[in-house]
Amino acid sequence: MNTIPTDVRRSTMIVNEIDLPLSIYKDILGMTVYYDKELIVSGKGLPTGVYDAKTRLVILQCNHPYIGMLGLLQYIDPPLPTPPPRPKPNRVQIGETVFVINTEDVQMVYEKLSTIPQVEIVSQPHLQEYPKPEGGLFRILGMSFFDPNGYFVELNQFL
């Protein structure tokens, strides 16, 4: 039985190119493909301003079969307009999301991401300590990056 009536099941990234981020989240971070389909999105519930569009939705799954999923949604026909580039240096702004992802090997992920020109590494692996709610400290090896579509990811490895 649930203790509260709400679960955050999935966050979906709207992307203008799906293959490179899919390879990052699947091949480098180890997520598995739960769903991969082309569909027609009416535009009634998702306010993109594009109606009855052909899209591709890929849902990636981590360790839980119901929560913590990540979606990638690309509008194929018609495509959504490409947003203007972020000013340099990239900064997270109000209204944006920080995706916090845990992994077992931050150093390996960092080395692989460093070879992809479309990925902007913000911080190399470094030790961080945060207070635990019940006292003591979380020790985390962390890094952060902007993925090829400009989404910010904080990547953590609990030590």
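Me: Is Thr-55 buried or exposed?
Reply: Thr-55 is buried, at 0% relative accessibility. Buried means under 20% relative accessible area, exposed means over 50%, and partly exposed is in between (1.4 Å probe, protein chains only).

Me: What should I know about the model and the numbering?
Reply: The model is predicted: local features need pLDDT of at least 70, side-chain atom pairs count only at pLDDT 80 or more, and totals for chains, interfaces and linings use all residues. Residues are numbered from 1 along each chain as its sequence is written, and side-chain values use heavy atoms, with hydrogens and water left out.

Me: Back to Thr-55. Where does Thr-55 lie?
Reply: In strand β3. Helices (H or I, at least four residues) and strands (E, at least two) are DSSP runs, numbered from the N terminus.

Me: Which residues is Thr-55 in contact with?
Reply: Leaving aside neighbours within four places in sequence, the list includes Lys-37, Leu-39, Val-41, Leu-73 and Tyr-75. Contact means heavy atoms within 4.5 Å.

Me: What sheet is β3 part of?
Reply: An open sheet of four strands, in the order β1-β4-β3-β2. The pairing is mixed. Two strands pair if DSSP finds at least two bridges between them.

Me: Which strands stand at the edges?
Reply: β1 (10–15) and β2. Each has a single partner strand, so one side of each is left without a neighbour in the sheet.

Me: And what does the twist average?
Reply: 20° from one strand to the next.

Me: How many bridges join β2 to β3?
Reply: Nine, and the two strands run antiparallel. Val-41 stands opposite Ala-53 in β3.

Me: What lies across these strands?
Reply: Helix α1 lies across β1, β2, β3 and β4 (69–77). α1 runs at about 10° to β3. Axes are lines fitted to C-alpha atoms, for helices over the stretch in contact, and angles run from 0 to 180 degrees between N-to-C directions.

Me: New topic. How many salt bridges does a search of the whole structure find?
Reply: Six. A salt bridge is a side-chain nitrogen of Lys or Arg within 4 Å of a carboxyl oxygen of Asp or Glu.

Me: What does Arg-56 meet in a salt bridge?
Reply: Asp-19 is one partner, at 3.3 Å from N to O. Arg-56 lies in strand β3 (residues 53–61) and Asp-19 in helix α1 (residues 19–28), so the pair ties together parts 37 residues apart in sequence. Arg-56 is buried, at 18%, while Asp-19 is partly exposed, at 47%.

Me: What about Arg-56 and Asp-36?
Reply: Arg-56 also forms a salt bridge with Asp-36, with the closest N and O atoms 2.8 Å apart. Asp-36 is in strand β2 (residues 32–41), so this pair ties together parts that are 20 residues apart in sequence. Asp-36 is partly exposed, at 35%.

Me: Which other pair can you show me?
Reply: Arg-139 and Glu-129, at 3.3 Å from N to O. Arg-139 is in strand β7 (residues 137–146) and Glu-129 in strand β6 (residues 120–131), ten residues apart. Arg-139 is partly exposed at 38%, and Glu-129 is partly exposed at 44%.

Me: Which residues do shared partners join into one network?
Reply: Asp-19, Asp-36 and Arg-56.

Me: Last one. Where does Val-119 lie?
Reply: In the loop between α2 (106–113) and β6. Val-119 is buried, at 8%. Leaving aside neighbours within four places in sequence, Val-119 is in contact with Ile-24, Leu-113, Phe-145, Phe-146 and Pro-148.
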